[in-house]
Number of protein chains: 2
Amino acid sequence: MGISAKNPLENDDKNDEDSSEYDDVLLTEVHHVAIAVFDLDEAIEEYRETWGVWVDHREVLEVDGVEVAILKVGGSDVQLITPTRDDSPLAAFLDERGSGLHHLAYTVDDCAAALEAAREAGHELVDEEPREGVLDSKVAFIHPRTMFGTLVLLVEDRPA
Amino acid sequence: MGISAKNPLENDDKNDEDSSEYDDVLLTEVHHVAIAVFDLDEAIEEYRETWGVWVDHREVLEVDGVEVAILKVGGSDVQLITPTRDDSPLAAFLDERGSGLHHLAYTVDDCAAALEAAREAGHELVDEEPREGVLDSKVAFIHPRTMFGTLVLLVEDRPA
């Protein structure tokens, strides 16, 4: 339908040496959007009372110094996140920029492989290796400097 | 599974006079996440080459002074947006903050009704009435000041 719709099978670079990269779909889904807030309970209550959206899971990630509340919005997840200690990077984010959109997370099949592809493509990595995320996922951040100003999290969910 | 999972049927406010509001699910899905970029073609190419994500639709919204490219990431949409003229509010956003996450859009069944609920709940509205969005949707922005720093777009899709 779109005027610029593209199809890998009609790729006009198909004769280029490196065209094989176009076959690799690394980002398979938007995993979640994360919103940094000062007061987690206040945000949870507001989303519930005004918007009818409920928290499905709540977890403290000690390594990051954050508490996460997952709002289920239909089949999508929105994470409300708040720092649990003053030296959390998220506390610095809130001090500097206030509450607001913090990161965009994409689902990947293999976090280590996706991270390696990002490294090879010249992306600046925040995490050199996958590490533990919410609900025993494997996660890695890519720096906003090479992602059009967006802090991106790659998430490999724990097998069901 | 979550320690704070809540169920409307077990709502501890169920005896309150205004408990009926908890039954109204206004936000039915994350509709899209929008990323403001300076160069749309560059961003589209980067998402395609590194991440294997393709543009499904591209459209200029004259009223907003923006061009939109919809990236399909599995069943999710990520919009890359760029200004088409200097007096576009998005041009001011880019000047002030640089590229990055711009807004979070939620699907609603009825944009006018959701907007009215937001008004009644005390939210600051950017759009007093629904207006035309991408792909003939009805949309309305809510100001970040009352949405935890996040510019929120309510989207009622055109009936299929």
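**View 1. B:V33 sits in strand β1 (residues 29-36) of chain B.** Strands here are DSSP runs of E with at least two residues, helices are runs of H or I with at least four, and both are numbered from the N terminus. The model is predicted: local features need pLDDT of at least 70, side-chain atom pairs count only at pLDDT 80 or more, and totals for chains, interfaces and linings use all residues. Residues are numbered from 1 along each chain as its sequence is written, while chains are lettered from A and ligands numbered from 1 in the order in which they are written. Leaving aside neighbours within four places in sequence, its contacts include A:V30, A:V33 and A:L104 from chain A, and B:V78 from chain B. A contact means C-beta atoms, placed from the backbone, within 7 Å.

**View 2. Eight strands of chain B form an open, mixed sheet.** The order is β2-β3-β4-β1-β5-β8-β7-β6. β2 (54-61) and β6 (131-132) stand at the edges with a single partner strand each, so one side of each lacks a neighbour in the sheet. β2(B) and β3 (residues 66-73) run antiparallel, joined by 7 bridges; strands pair if DSSP finds at least two bridges between them. B:V60 has B:E67 as its bridge partner in β3(B).

**View 3. Two helices of chain B pack against its strands.** Helix α2 (residues 89-97) touches β1, β3, β4 (76-83) and β5 (100-107), and its direction makes about 90° with that of β4(B). Helix α3 (residues 111-120) lies across β7 (138-142) and β8 (152-156), at about 15° to β7(B). Axes are lines fitted to C-alpha atoms, for helices over the stretch in contact, and angles run from 0 to 180 degrees between N-to-C directions.

**View 4. Chain A meets chain B.** Here 49 residues of chain A are in contact with 49 residues of chain B. Elements of chain A that each supply at least two residues to this side include β1 (29-36), α1 (40-51) and β5 (100-107). Of the interface residues of chain A, 100% are also interface residues in chain B, so the copies meet through the same surface.

**View 5. A:L154 is among the residues with the most contacts inside the largest nonpolar core.** That core has 96 residues (buried Ala, Val, Leu, Ile, Met, Phe, Trp, Tyr and Cys joined through C-beta atoms within 7 Å). Not counting residues up to four places away in sequence, A:L154 touches A:Y106, A:C111 and A:I142, among others.

Terms used. Buried ≥ 20, exposed ≤ 12 C-beta atoms within 10 Å, placed from the backbone.
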